Structures are given as structure tokens and as C-alpha cells.
Amino acid sequence: MSLLNHQLELLAPARDADIGIAAIHHGADAVYIGAPAFGARAGATNTLQDIERLCKEAHRFNSKIFITLNTILRDDELEAARQMAWDVYHAGADVLIVQDMGLLEMDLPPIQLHASTQTDIRTPEKARFMQDVGFSQIVLARELTLPQIKAIHKVLDAERCKLEFFVHGALCVAYSGQCFISHAHTGRSANRGDCSQACRLPYHVTDAQGRFIAHDKHVLSMKDNNQSENLAALVDAGVRSFKIEGRYKDMAYVKNITGHYRVLIDELIEARQYSADPERPPLHRASSGNTTLYFTPNPEQNFNREFTDYFVQGRKEDIGAFDSPKNPGIVLGEVVSTGPNWLEVQPYDKDSVLHNGDGLCYYDLQKELVGVAINRAETTVKKGVWRLFPKDPMEGFRDLRAGMVINRNRDMDWVRGLEKNSSERRIGAWVEFSETPQGFALQLTDEDGYTASAALACNKELAKDAGRNDASLREHLSKFGATVFEVLNLQINLSQAWFVPASSLNALRRDAVAALEQTRFDAYERPSRAAAVEPPVSYPEDSLTYLANVFNQKAHDFYAKHGVKVIEAAYESHEELGEASLMITKHCVRFSMSLCPKQAKGVTGVQGTVKAEPLMLINGSEKLTLRFDCKPCEMHVVGKMKKSVLNQRVKEMAESPLTFYKTRPH
């Protein structure tokens with residue numbers, strides 16, 4: 001296998017170019033970011049100028065920029081999307097992340113294509129198809145187990161296609177691309193970057209007889225993904241790109257979480273540095289340089305709903321954040337007493353310091369999370385006790401009393417620390433200073449093997465103090481602080497102790513650095529577009545339902561070319577008017593509530609009495625039915641499209657009509 005197959009890529013999100021640049025400086029091998037339009041986060045768009053600025057900084061370190069062109073497109077949007085693809089290519093982007101197969105039928109630039117997680121890749125057959133139609137990297141479904149990932153890896157050609165997997169951040173409870181609740185209820189399509197997040201709402205859960213099983217529980221809300229403990233196992237299963245979720249997240253989140261996984265991946269690379277096992281060969285970083293962090297990363301410090309590793313190690317009971325979709329924070333201590341406009345808290349850790357602006361929270365007696373924003377924090381005469389003055393009136397804090405456990409979900413000291421310069425990324429270089437017939441030369445060779453030099457023409461004169469002169473030469477030739485380079489070794493080759501003014505040495509060093517930067521820039525090669533297999537391979541199935549998200553004629557033509565006989569239109573085309581599966585998910589409400597028939601198997605007096613009958617979710621006037629497909633262990637959230645959504649879309653669909661085969665396969 002080539003070296004490329006053993007490179008590990010840390011892929012960070014960016015809401016904007018400044019956050020993207022911070023991600024690069026905190027160790028990202030690649031950054032994914034939205035362009036001016038057609039990204040699956042409608043509120044995270046960027047100008048071409050900002051994308052160009054980000055690309056230039058990333059390419060200094062051989063890091064790559066991925067553009068999220070991952071919504072499904074109407075026919076009237078295809079040309080604009082094609083033009084935008086060319087625009088971002090000219091701006092320097094390395095990759096397009098794509099969901100809509102219609103784009104593959106168009107004249108795209110010679111840019112590498114990656115299959116979005118929205119394409120719902122769960123099987124070896126689907127993964128192999130994606131590789132064979134020209135995708136160089138595929139983002140796997142988050143729900144896969146290690147054996148499933150390994151099975152997919154085995155059918156792929158490692159020279160042609162890499163596996164990408166989400167390792168951190170918010171979890172979409174549905175198989176990505178398989179959720180239509182937002183569109184059905186509000187007209188806002190998750191497949192078009194505008195999800196209303198119905199999964200984070202509280203629901204009553206009732207059974208077939210109308211009996212309440214749960215009141216106001218966020219039963220579709222997942223904890224946040226955290227694969228920190230599984231990185232080595234994921235590498236062994238075949239994953240090479242480790243993706244952090246969060247294109248809506250702030251600078252502090254991206255710095256912290258990128259730094260966290262940079263440390264873990266570097267430790268993994270170092271541990272395998274001298275491996276002689278052909279099944280577990282040495283690993284390498286996918287970009288250049290080393291990252292130094294000026295803080296200790298801690299995922300607990302950012303917004304999270306507590307953590308889960310989801311299904312990677314098999315199904316578990318504690319994957320849901322059912323009590324609250326908010327950030328519960330880190331346990332701090334207990335409430336000691338309360339006053340008219342204050343509360344006193346004793347941290348469990350006596351060294352804990354509280355700050356003005358901290359955010360605290362606690363669970364009231366109904367298990368609802370209540371936030372307490374602190375205006376002012378003061379120490380008291382009681383050792384280890386803090387008096388805190390909240391921003392809001394004390395009477396508004398339900399059940400807040402002595403003995404209540406309280407958490408901290410915003411540490412202002414931490415926040416301020418990440419607002420400062422919090423990292424440094426440098427590329428190692430060997431420095432050689434030599435004399436020439438005309439004067440002196442400085443040659444730089446970086447860790448990637450690129451070489452550049454600069455010359456100084458001058459008359460030579462001997463130094464008065466050879467020892468001090470050598471020290472001065474080393475001092476001035478090693479000053480790379482304002483550049484991206486750091487000195488790995490400095491070699492001075494002089495026949496005599498020649499004196500060179502500091503100003504001349506500094507100018508020589510600056511010229512050599514500029515030449516090396518230009519050499520690296522000129523040598524940078526964007527990853528190449530993979531060619532599709534000819535003749536076109538067959539899609540694993542010969543029929544597609546609305547779940548395939550075919551929303552334009554080009555996408556229809558793509559699947560027809562690959563042997564699909566029956567192709568239904570996407571849910572957003574409004575041809576699926578009756579009850580439909582609005583969400584398909586590996587998460588099972590019955591299992592989470594210990595009502596699964598498989599859980600009852602073998603339990604005396606219970607086996608055979610528990611059946612996977614439908615349940616109902618109720619939020620105000622909204623009602624959804626839960627149906628359970630136990631063979632693949634999946635849950636379907638079933639409902640209808642609202643009339644108001646149908647009405648508001650009539651004009652839009654009239655302007656851009658779609659005609660597909662409507663006959664379902666028998």
C-alpha cells in the first residue's frame with residue numbers, strides 16, 4: 001500500500017474563514033466550510049474571497065479545504081450550483097462534498113468529489129458503488145458499528161477511496177438524508193440546509209391504548225458524539241478521515257475540539273511509528289508541521305449534551321439526552337444557602353475558582369435543566385464557599401435550595417483563554433549557512449523535502465571575537481518566530497570566523513524563507529478527481545423511493561444510467577402525500593425505555609408479553625407514530641405533510657415541475 005493509505009486526516013468544521021484558519025493552526029489536516037450557497041447549513045455561508053483567503057493559509061501547511069455543496073437541488077438551481085463549483089475551484093478549494101447525484105452529470109471542474117453523509121452510506125454495496133462512480137472519499141453513516149465499517153473497508157480499493165467518519169459533535173438521530181419531519185411540518189427541508197430540529201423537542205409518549213409512557217421527554221434527542229476512546233479501533237477498521245461536526249459552532253469550540261483530537265491522533269501516530277505489523281503499519285499525518293497548544297483541551301468545557309460513542313461498540317441504552325437538549329455542564333458543587341439576590345455554592349474541588357460571567361445550571365424537581373447566569377462572584381469568609389449574584393431574580397429559579405447539586409456549563413476563565421493566541425503550528429526546517437566566492441548563502445530544507453536558498457554578496461572580513469561571532473550568527477539565523485518554520489538543525493560551514501552584520505543576516509533569512517514559501521506554494525498539488533468506472537456500474541437496487549432524495553432531472557438521469565428502473569421523486573417534490581416514514585433511525589424508543597421484545601427474551605414471566613406495537617409522539621397539536629422494524633432493528637417516525645406546507649409550495653413547484661415514474665415496484 002502507498003503512504004497515502006496510512007495518512008490520518010483530522011477534518012474540522014468552520015462557520016467562517018477566521019474559524020477555519022484557527023482550525024488549521026490548531027492542527028486540522030483539512031477544513032470543511034460552506035460556500036455562497038447550496039450547503040447543508042443554510043446559515044453558514046461564505047464569500048469566494050474568504051474561501052480564497054482560507055485556502056491560501058491552509059495550503060501553506062498542505063492542509064485541504066472541502067466545500068459543502070451537499071443539498072439536493074431543483075432543476076432551476078443546477079446551473080448556479082455548477083457555476084459555484086467552478087468559482088470555488090478557481091478560489092483554490094480542494095474538494096466538493098456532494099449529496100445530489102445530478103451534479104455528477106454536469107460539467108464540473110477537475111476537483112475531487114467526496115460523498116456526503118447525506119447520501120446515507122451504510123452497506124458495502126452502496127459504498128462500492130460510490131467509489132466506482134468517482135467519489136474519492138465517502139462519509140459513512142454515524143450509526144455503523146466497527147464490524148460494519150470494516151466490512152465496507154474490505155470492498156473498497158484503498159488506492160482510490162478513503163473512509164471518513166464523524167468522531168465528535170451533535171448527532172442527527174435519523175440516518176442522514178432520511179429525515180423529513182422538518183419539511184413535513186414547517187416546509188423547511190433538512191436536505192436543503194434548513195432543518196427545524198424537531199428531534200430536540202419534548203414529546204409525550206403514549207402506547208396503542210393511549211396510556212402515557214413518558215411525559216415531556218426529549219425522546220428523539222441524542223447525546224453528543226465522542227469517539228475519543230475508539231480512534232485506534234476506527235483506524236484498524238479502515239477509517240482514515242476523522243470528522244468533527246459543527247459548522248454552526250463558535251471559535252472556542254473549534255479550537256478546543258480540534259486541539260483535543262490533534263493530541264489524540266498524534267499520540268496514535270507516535271505509538272505506531274515503528275510498527276512492523278503489516279496489518280497495523282506505521283501511520284502518518286495528512287498535512288505538514290507540528291502543532292503546539294497553549295492550553296489543555298477538554299471537550300467537557302464546550303456546549304454538549306453529555307457524550308456517547310453511539311453504535312460504534314454496539315447498541316447501548318444510554319445514548320439519549322431525554323431530560324434536556326441543553327448543556328448540563330460539569331458538576332461543580334452544592335448550594336449551601338440562598339438569599340434575596342444571591343446563592344452560596346461550595347465547590348467539591350476546593351481549588352475551583354468562580355468568575356463574573358460564569359454559567360451555572362441545575363436540575364429542578366421535574367428534571368428540567370435550569371440555567372443560572374452569574375453577574376458577580378465573590379469569595380466569602382467561609383472557607384471554600386462562593387457567594388454568587390445571578391443576572392436574573394432569585395424567585396425565578398425553581399426548586400433552588402440548599403443541598404442542590406449545581407453544574408458549571410460556562411467557565412469564563414476558559415472562554416477568555418481561548419480568545420487569546422492559543423496555538424502555534426510550525427514546519428520543521430534544516431538550516432545551512434555557507435560561504436561562497438561572492439559572499440554567503442543560506443539554504444533551507446523543510447520536513448517535506450522542499451529546498452530554497454538566498455545569497456548575500458559582500459566583502460568578507462574577520463570577526464574580532466570568534467566565539468561571540470558564532471553565537472551572533474546562530475542567534476540571528478535561528479529567528480524564525482514570525483514565520484511558519486522552526487529550526488530543526490542549524491549548520492554553519494565557514495572556513496574562518498567571518499563577521500556578517502546582523503541586518504544582513506536578517507535580510508538573508510527573510511529572503512530564504514520567502515523563497516521556501518514560494519517553492520511550497522508552487523509545488524502544492526490539489527487532489528485529483530477520480531474517474532468513474534466505464535461502462536457505468538449498476539446501482540445495488542433497481543428501484544428508488546422518495547428516500548433517495550432525487551429532486552432534479554439530472555439526478556434521475558444519473559440513476560437511470562446506472563440501471564435503476566423505477567425512480568420516485570424526493571419527498572420535497574410533494575408527490576408523497578399520504579402517511580410516510582418521516583424519519584428512519586437506529587435509535588429505538590422502545591429499547592431506551594426497556595420495552596423492547598429482544599430485551600424481554602429469556603426473562604421469566606416477561607418473554608412473549610412485550611410486543612413491538614406502535615407508539616405515539618405528541619407535542620401540542622403535532623402527532624407522530626413510531627413503528628418498529630425489529631429485523632434490522634430500526635424505528636420509523638411516521639406522519640403526513642401539513643396542508644399549510646403543501647399550499648406554500650404550490651407556486652414553487654409550479655415554477656419548477658418534476659416528472660418521475662410514480663409506479664412502485666411490486
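Biologist: What is the mean pLDDT of the protein?
Modeller: It is 93, and this is a predicted model. Of the residues, 95% reach 70 or more.

Biologist: Where is the pLDDT below 50?
Modeller: Over residues 661-666. Beyond near neighbours in sequence, that stretch still has twelve contacts in the model.

Biologist: On to the helices. At what angle do helix 1 and helix 8 pack?
Modeller: At about 20 degrees. Helix 1 covers residues 17-25 and helix 8 covers residues 251-271. Their axes are 9 Å apart.

Biologist: Which residues make the contact?
Modeller: Helix 1 brings Asp18, Ile19, Ala22 and Ala23. Helix 8 brings Met251, Val254, Lys255 and Thr258. By class, the contact of helix 1 with helix 8 has five nonpolar residues, one polar and two charged.

Biologist: How does helix 2 sit against helix 1?
Modeller: Helix 2 is residues 48-60. It packs on helix 1 at about 10 degrees, with the axes 9 Å apart. The two helices are therefore roughly parallel to each other.

Biologist: Which residues of helix 1 and helix 2 are in contact?
Modeller: From helix 1, Ala17, Asp18, Gly20, Ile21, Ile24 and His25. From helix 2, Asp50, Arg53, Leu54, Glu57 and Ala58.

Biologist: How many are nonpolar, polar and charged there?
Modeller: The contact of helix 1 with helix 2 has five nonpolar, two polar and four charged residues. Asp18 of helix 1 takes part here, and Asp18 is also listed in the contact with helix 8.

Biologist: Next pair. What about helix 4 and helix 5?
Modeller: Helix 4 spans residues 124-132, and helix 5 spans residues 146-155. They pack at an angle of about 40 degrees. The axes are 9 Å apart.

Biologist: Which way does helix 4 pass helix 5?
Modeller: In a right-handed crossing. Pro124, Ala127 and Arg128 of helix 4 meet Ala151, Ile152 and Val155 of helix 5. That contact divides into five nonpolar residues, no polar and one charged.

Biologist: How do strand 17 and strand 20 pair?
Modeller: In the antiparallel sense, over three bridges. Strand 17 is residues 359-363 and strand 20 is residues 405-410. Gly359 stands opposite Arg410 in strand 20.

Biologist: What is the order of the open sheet?
Modeller: The order is 9-8-30-31-32-29. This sheet has six strands, and the pairing is antiparallel. Neighbouring strands are turned by 25 degrees against each other on average, direction ignored.

Biologist: Which are its edge strands?
Modeller: Strand 9 (212-217) and strand 29 (580-585). Each pairs on one side only.

Biologist: How many bridges join strand 8 to strand 9?
Modeller: Three bridges, and the strands run antiparallel. Strand 8 is residues 203-206. Thr206 has Phe212 of strand 9 as its bridge partner.

Biologist: What is the phi of His574?
Modeller: Positive, about 65 degrees, although His574 is not a glycine. His574 lies in the loop between strand 28 (566-567) and strand 29.

Notes
Residues numbered from 1 in each chain as written. Predicted model: local features only at pLDDT ≥ 70, side-chain atom pairs only at ≥ 80, totals over all residues. Heavy atoms only, no water. Pairing = 2+ DSSP bridges. Helix = DSSP H or I, 4+ residues; strand = E, 2+ residues; numbered from the N terminus. pLDDT = per-residue confidence, 0-100. Contact = heavy atoms within 4.5 Å. Axes fitted to C-alpha atoms, helices over the stretch in contact; angles between N-to-C directions. Nonpolar A, V, L, I, M, F, W, Y, C, P; charged D, E, K, R; others polar. Parallel < 35°, antiparallel > 145°, perpendicular 65-115°, else oblique. Left-handed = near helix turned anticlockwise from the far one by under 90°.
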